[in-house]
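Please keep the sequence and the model side by side while you go through this note.

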Amino acid sequence: PEKREAQKRLAEEVTKFVHDEKSLKEAQKITQALFSGDVKKLTVHEIEQGLENMPSCETTKDTKNIVDWSVDIQCEPSKRQAREDVKNGAISINGERINDINFLVNPTLEFDGKYVIVRRGKKNYFLVKVI
């Protein structure tokens, strides 16, 4: 029961019925990337399709310190909390765990300079759109 095979099979069949086989494969790839934390393998199109309903915000192309940037995008409520989360390894930028509070975030390095995917903890994802 913990494998949830019946639920997965039902979801696959419904997705194929409503969309097509290609959409099913794309959805599986996005889901796998999010659960594994390896979001670097996603394309800009897959990010736009799979993460459109994720909490999102906007940022400029400016390079900033991770602590200040996390507060600016409202991923963290305060600089104190941001420093604590970074030191504890709870923050990942585009699939890379950040442990250094002096890390500089450059939003234009990946995903064609359009998006930054932030993960706080295990399940909290934020899609940051670069303007």
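1. Start with a term. A residue is buried under 20% relative accessible area, exposed over 50%, and partly exposed in between, with a 1.4 Å probe and protein chains only as cover. Asp68, at 29% relative accessibility, therefore counts as partly exposed.

2. Now the ground rules. This is a predicted model, in which local features need pLDDT of at least 70, side-chain atom pairs count only at pLDDT 80 or more, and totals for chains, interfaces and linings use all residues. Residues are numbered from 1 along each chain as its sequence is written, and side-chain values use heavy atoms, with hydrogens and water left out.

3. Overall layout. The protein has five helices and seven strands. These are DSSP runs, numbered from the N terminus: helices are H or I with at least four residues, strands are E with at least two. Along the sequence the pattern reads α-α-α-β-β-α-α-β-β-β-β-β. The C-alpha trace spans about 45 × 35 × 20 Å along its principal axes. Of the 131 residues, 34% count as buried.

4. The largest pocket. How much space lies in the largest pocket? About 280 Å³. A pocket is found on a 1 Å grid over the protein atoms alone: it is an open set of points where a 1.4 Å probe fits, with protein on both sides within 12 Å along at least five of seven lines. Points are joined across faces, edges and corners, and the volume is the space filled by probe spheres set on them. Rolling a probe the size of a water molecule over the atoms shows where empty space is left.

5. The pocket lining. Lining residues have an atom within 4 Å of a point. Here they are Arg4, Gln7, Lys8, Ala11, Glu12, Thr15, Leu24, Ala27, Gln28 and Thr31. Helix H1 (5-18) and helix H2 (21-36) are the elements that give two or more residues to this lining. The largest share, five residues, comes from H1. By class, the lining has three nonpolar, four polar and three charged residues. For that count, Ala, Val, Leu, Ile, Met, Phe, Trp, Tyr, Cys and Pro are nonpolar, Asp, Glu, Lys and Arg are charged, and the others, Gly among them, are polar.

6. A nonpolar patch. Leu10, Val14, Phe17 and Val18 make a nonpolar surface patch of about 460 Å². Patch residues have over 30% relative accessible area and no salt bridge, and nonpolar side chains (Val, Leu, Ile, Met, Phe, Trp, Tyr) are joined within 5 Å. Areas come from the Shrake-Rupley method with a 1.4 Å probe. Phe17 lies in helix H1. Is Phe17 buried or exposed? Exposed, because its relative accessibility is 74%.

7. Salt bridges. A salt bridge is a side-chain nitrogen of Lys or Arg within 4 Å of a carboxyl oxygen of Asp or Glu. The count by this rule is ten. Asp72 pairs with Lys64, with the closest N and O atoms 2.4 Å apart. Both ends are partly exposed: Asp72 at 45%, Lys64 at 32%. Asp68 and Lys79 also meet in a salt bridge, at 3.1 Å from N to O. This pair links distant parts of the chain, with Asp68 in helix H4 (residues 66-72) and Lys79 in helix H5 (residues 79-87), eleven residues apart. Lys79 is partly exposed, at 44%.

8. A salt-bridge network. Which residues are linked in a network of salt bridges? They are Arg9, Glu13, Lys16, Glu21 and Lys25. Within it, Glu21 bridges to Lys16, the closest N and O atoms being 3.9 Å apart. Glu21 is partly exposed at 39%, and Lys16 is partly exposed at 30%.

9. Two backbone angles to check. Most residues other than glycine have a negative phi. Phe111 has a positive phi of about 55° although it is not a glycine. Asp112 likewise has a positive phi of about 55°. Phe111 sits in the loop between strand E5 (104-105) and strand E6 (115-120), and Asp112 is in the loop between E5 and E6. Phe111 counts as buried, at 9% relative accessibility, whereas Asp112 is exposed, at 65%.

Conventions. Patches are made of residues with over 30% relative accessible area and no salt bridge: like charges are joined within 9 Å, nonpolar side chains (Val, Leu, Ile, Met, Phe, Trp, Tyr) within 5 Å.
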